[in-house]
Amino acid sequence: MYLGDRTWPELGEYFAEESLALVPLGSTEQHGPHLPESTDHRIAEALAREAAERTGYLCTPTVNVGVSPHHRQFNGTMWVEPGVFRDYVESLTRNLTYHGIDRVVFVNAHGGNVAHLREVGRRLRDDEAAYAVEWMWDESIPDLVDDLFEHNGPHGGPKETAMMLHIDDDLVREDQFERARDEGVRDVADYDGLRKHGARTFYDAIDNTESGVLGDQTDATREKGAELFAAASDQLVRLAEWLDDQPFEDLMPRDHV
């Protein structure tokens, strides 16, 4: 069920019976010369809508712009400041609680959002307003990602490329795969620019990669994207069903010992 396609009486029927919502979030930022800047929020929305269709749970409109200042040197990247993002997502979620939602899955596809979504979840839980949990698609299937790609990368790499080939291949510039690989960082595990003596010494993506991406994009295929999408969707469905089954009081903070 997609909230934006329903009427208010239809949504009233949902809120009378259910108390869970899926909120997709991503970013609008550079993903190299081969992927569109909508990559993250398209992946998040596709997964959330798939899970909503399979379960009947509510899917809200997508938050398309996230915390992405570390990609700002690349043309077109959009971002909001972390505090603004946290306040916006918290306000949006509290809006859902007004209608009777008390548990939320933040269906996330952008690493820069993770810490901030966790903080929003803590605020809501501490107030006992709702239980909101952040879910990152690739972190739900780490073994499969490792099995499929020899040279994976955390940004614009083969896992995101494969997912976009599955979701909307018209937006993928397949003739730019080699450029993305050759001007980026192919072997992330062997690249010492990411850390020095245990410290992360970079702040912006451009400090490490000319093309804006990490990993070997030439290893991505539609078939691998379909496998990733199916596996991640299964995990999201299981998470939503598990969360729906929990007594609300068991999700709230425990009393002081």
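## His-151 and its surroundings

Apart from neighbours within four places in sequence, His-151 is in contact (heavy atoms within 4.5 Å) with Pro-158, Arg-186, Asp-187, Gly-215 and Asp-216. This is a predicted model, in which local features need pLDDT of at least 70 and side-chain atom pairs count only at pLDDT 80 or more, while totals for chains, interfaces and linings use all residues. Residues are numbered from 1 along each chain as its sequence is written, and side-chain values use heavy atoms, with hydrogens and water left out.

His-151 lies in the loop between helix H5 (142-148) and helix H6 (158-168). Helices here are DSSP runs of H or I with at least four residues, numbered from the N terminus. With a relative accessible area of 16%, His-151 is buried; buried means under 20% relative accessible area, exposed over 50%, and partly exposed in between, for a 1.4 Å probe and protein chains only.

Two of the contacts of His-151 are also polar contacts between side chains: one of 3.4 Å with Arg-186, and one of 2.6 Å with Asp-187. A polar contact is a pair of N or O atoms within 3.5 Å; within protein, one must be able to donate a hydrogen and the other to accept it, and residues adjacent in sequence count only if both atoms are side-chain atoms.

## Helix H6

Eight of the 11 residues of H6 are buried, so this helix is largely enclosed by the rest of the structure. The buried residues are Pro-158, Lys-159, Glu-160, Thr-161, Ala-162, Met-163, Met-164 and Leu-165. What covers them includes helix H2 (39-55), H5, helix H7 (177-183) and helix H8 (222-245).

## Helices H3 and H4

The axes of helix H3 (residues 82-98) and helix H4 (residues 114-126) come within 9 Å and cross at roughly 45°. Axes are lines fitted to C-alpha atoms, for helices over the stretch in contact, and angles run from 0 to 180 degrees between N-to-C directions. H3 and H4 are therefore oblique to each other. Angles under 35 degrees count as roughly parallel, over 145 as roughly antiparallel, 65 to 115 as roughly perpendicular and the rest as oblique.

On the H3 side, the residues that meet H4 include Phe-85, Val-89 and Arg-94. Those of H4 that meet H3 include His-116, Leu-117 and Arg-123.

## Ala-199

Ala-199 lies in the loop between H7 and H8. Its relative accessible area is 34%, so Ala-199 is partly exposed. The C-alpha atoms of Ala-199 and Val-104 are separated by 34 Å, and the two residues are 95 residues apart along the chain.

Notes:
Helices (H or I, at least four residues) and strands (E, at least two) are DSSP runs, numbered from the N terminus.
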